[in-house]
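Trainee: I am new to this structure. Can we go through it in short questions and answers?

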Amino acid sequence: METFTGANGFSLPKLGLGTYKLKGESGARSVLSGIEAGYRLIDTAYNYENEGAVGEGIRRGVDQGVPREEIIVTSKLPGRYQQEAVQTVEESLFRLGLDYIDLYLIHWPNPKQGHYVEAYRGLMEARDKGLIRHVGVCNFLPEHLETIREATGELPVVNQIELHPYFPQLDALEYHRKHGIITQAWSPLARGDVFEQAPIVDAAEAHDASPAQVVLAWHRAIGALAIPKASSRERQEQNLRSLTINLTDDEVAAISALGRPDGRRKDQDPAEYEEF
């Protein structure tokens, strides 16, 4: 699978598997199914309360012969533990049943709390201890990223942000591109709300593809790494087939033009919104 590469040389496949709400035995089977289908980037979070199921699915994949080093595991630090980053990473490792986590992200900056720099330094310490390999963030605005750089001398390798055709975040993409930060997209399909928009329907007809595949191809075209959740093998494989779809410049521009200032799905502006 083709990859996006950050300033530090860390590479991620251009499509990942989201796991929100994949829990228990069925969640473990879904993660294993994704690995069998070819996914090598698996995204979870402490707050998803499913690190156990995700880790079980990953270990089953390794037991079937997929090298652990080929699977990039992501988890996220919740807001309530920003002052306890190392201990929280250790708890994530116990839940996952893994020796290390490839990528650990601060889930939200929670700027009014004022602890995200401390959290980032904690993840740097976890990296130094070998508990994680790379440090990233979610939902950070450029002002938050600049604060991190001034305080620590580095920028995160990933910023995972809300990004979909109604909220394409082209300015954020350009900032990330300029600074070697890989952009990951959460809610990349906008829960299907965009599927009936004319530019997406037209592109789907032109490429003999589904609307979801077109939106995922659009993400890849603009330089965003989508991580859609998919529990069934059928949907997982359908999403992977988006990697074979190459939209025209005009199709990409038409889909991007669906963006609007109030495009966030739940008005979760990281300058104000906080999650713990």
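Trainee: Which residue forms a salt bridge with Arg 60, the closest N and O atoms being 2.9 Å apart?

Mentor: First, this is a predicted model: local features need pLDDT of at least 70, side-chain atom pairs count only at pLDDT 80 or more, and totals for chains, interfaces and linings use all residues. Residues are numbered from 1 along each chain as its sequence is written, and side-chain values use heavy atoms, with hydrogens and water left out. A salt bridge is a side-chain nitrogen of Lys or Arg within 4 Å of a carboxyl oxygen of Asp or Glu. At 2.9 Å, the partner of Arg 60 is Glu 25.

Trainee: How many residues apart in sequence are the parts that this pair ties together?

Mentor: Helices (H or I, at least four residues) and strands (E, at least two) are DSSP runs, numbered from the N terminus. Arg 60 lies in helix H2 (residues 51-63) and Glu 25 in helix H1 (residues 24-37), so the tied parts are apart in sequence by 35 residues.

Trainee: Is Arg 60 buried or partly exposed?

Mentor: Buried means under 20% relative accessible area, exposed over 50%, and partly exposed in between (1.4 Å probe, protein chains only). Glu 25, at 40%, is partly exposed. Arg 60 has 22% relative accessibility, so its class is partly exposed.

Trainee: Which residues are linked in a network of salt bridges?

Mentor: Side chains of opposite charge can pair when their charged atoms come close. The structure holds 19 salt bridges. The linked residues are Glu 25, Arg 29, Glu 56, Arg 59 and Arg 60.

Trainee: Is Glu 51 buried or exposed?

Mentor: Glu 51 forms a salt bridge with Arg 95, the closest N and O atoms being 3.6 Å apart. That pair links distant parts of the chain, Arg 95 in helix H3 (residues 85-96) and Glu 51 in helix H2, 44 residues apart. Arg 95 is partly exposed at 31%. Glu 51 has 2% relative accessibility, so it counts as buried.

Trainee: Now the strands. How many of the seven residues of strand S7 are buried?

Mentor: Strand S7 covers residues 132-138. The strand is largely enclosed by the rest of the structure, because the buried count is six.

Trainee: Which residue in S7 does Leu 103 stand opposite?

Mentor: Two strands pair if DSSP finds at least two bridges between them. Five bridges join strand S6 (residues 101-106) to S7, and the strands run parallel. Opposite Leu 103 stands His 134.

Trainee: Through which helix does the chain cross from S6 to S7?

Mentor: A crossover is right-handed if, with the strands pointing away from the viewer, the path from the first strand over the helix to the second runs clockwise. This β-α-β crossover is right-handed, and its helix, residues 116-128, is H4.

Trainee: What is the bridge partner of Cys 138 in S8?

Mentor: S7 and strand S8 (residues 158-162) pair in the parallel sense over two bridges. In S8, the partner of Cys 138 is Gln 160.

Trainee: How much space lies in the largest pocket?

Mentor: On a 1 Å grid over the protein atoms alone, a cavity is a set of points where a 1.4 Å probe fits but cannot get out, and a pocket is an open set with protein on both sides within 12 Å along at least five of seven lines; lining residues have an atom within 4 Å of a point. Grid points are joined across faces, edges and corners, and a volume is the space filled by probe spheres set on the points. For the largest pocket, that space is about 910 Å³.

Trainee: Which residues are the closest to its centre?

Mentor: The pocket is lined by 33 residues. The largest share of the lining, three residues, comes from helix H9 (233-241). The closest to the centre are Tyr 20, Trp 186, Ser 187, Arg 191 and Lys 229.

Trainee: Which element gives the largest share of the lining of the largest cavity?

Mentor: The whole structure has one cavity of 30 Å³ or more. Its lining includes Leu 216, His 219 and Arg 220. The largest share is three residues, from H8.
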